[in-house]
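The following questions and answers concern a predicted model. Please consult the sequence and structure shown here.

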Amino acid sequence: MSKKILLLEDDFLLAQTLQELLASEGYDVTLATSGDSAIDETYENSFDLYVFDINVPDISGLELLKSLRDADDKTQTIFISALVDIESISKAFEIGAEDYIKKPFFPEELLIRVNAKLSSKNSNIKYNSLEYNPQSKLLKKDGHALGLGETQEKLFDIFIQNIGQVLDKEILMECLEKPSPTALRVAITKLKQTTGLNIKNLRGIGYILE
């Protein structure tokens, strides 16, 4: 299945060049030319990567990403921008960007960075209606971002990356702020309710996600 990229760029020639290059590498690229249209795309679809210009009509790329992060959307993001001042670059990383490319740049440079972000080692893990990216920690349920608390996020990460493996209780309790067998049972019960994970308690042994 092709990795999906949302490209926000209002320079038509550059956008077309980047879209064609990324598509030639097998990526499914959706192009948005304004902040508003990009927001609409994120409502209707889920993506593996965002590539946002900053100076675009309606809503800037920075404002757009901040809104997405505030809504618990943790999709990896690369900014491409002619803004080279330290304040803009710092702001981009502060609100949650993973990369920043200064214009002008060779299109192949973007491709290298996209490949690095979406390489096979960062492939999403799918479990029933859930989709999880181990690197970005982005969890989606039925295509929509699902936020977990810090403890649940740690437990989820361990279980989803060890499907079918028996996990010792002591290892799992390291995820807890105040470890105890009772606290672990409560945390796992809550995790199952939130995510639908089929976690079984193997008494005296540990837990397993089937």
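**Sheet and cores**

Q: Which residue in β12 is the bridge partner of Leu202?
A: Strand β11 covers residues 199-202, and it pairs with β12 (residues 206-209) in the antiparallel sense over four bridges. Within β12, the bridge partner of Leu202 is Gly206.

Q: In the open sheet of three strands, what is the strand order?
A: The pairing in this open sheet is antiparallel. β10 (166-168) and β11 stand at the edges, each with a single partner strand, so one side of each lacks a neighbour in the sheet. From one strand to the next, the twist averages 30°. The order is β10-β12-β11.

Q: What angle does the direction of helix α6 make with that of β12?
A: Helix α6, residues 150-160, packs on the sheet and touches β10, β11 and β12. Its direction and that of β12 make an angle of about 70°.

Q: Which element gives the most residues to the largest nonpolar core?
A: This core has 23 residues, of which Phe156, Phe159, Leu172 and Leu197 touch the most other members. At least two residues each come from β7 (130-133), α6, α7 (169-173), α8 (181-195) and β12. The most, five residues, come from α6.

Q: Which residues does Leu172 touch, not counting residues up to four places away in sequence?
A: Leu172 is among the core residues that touch the most other members. With residues up to four places away in sequence left out, the residues touched by Leu172 are Leu155, Ile158, Phe159, Leu167, Leu184, Ile188 and Tyr207.

Q: How many residues are in the second, separate core?
A: Its members include Ile39, Tyr50, Ile59 and Ala92. The size of this second core is 21 residues.

Conventions: Residues are numbered from 1 along each chain as its sequence is written. This is a predicted model: local features need pLDDT of at least 70, side-chain atom pairs count only at pLDDT 80 or more; totals for chains, interfaces and linings use all residues. Side-chain values use heavy atoms; hydrogens and water are left out. Two strands pair if DSSP finds at least two bridges between them. Axes are lines fitted to C-alpha atoms, for helices over the stretch in contact, and angles run from 0 to 180 degrees between N-to-C directions. Contact means heavy atoms within 4.5 Å. A nonpolar core is a set of buried Ala, Val, Leu, Ile, Met, Phe, Trp, Tyr and Cys residues joined through side-chain atoms within 4.5 Å. Buried means under 20% relative accessible area, exposed over 50%, partly exposed in between (1.4 Å probe, protein chains only).
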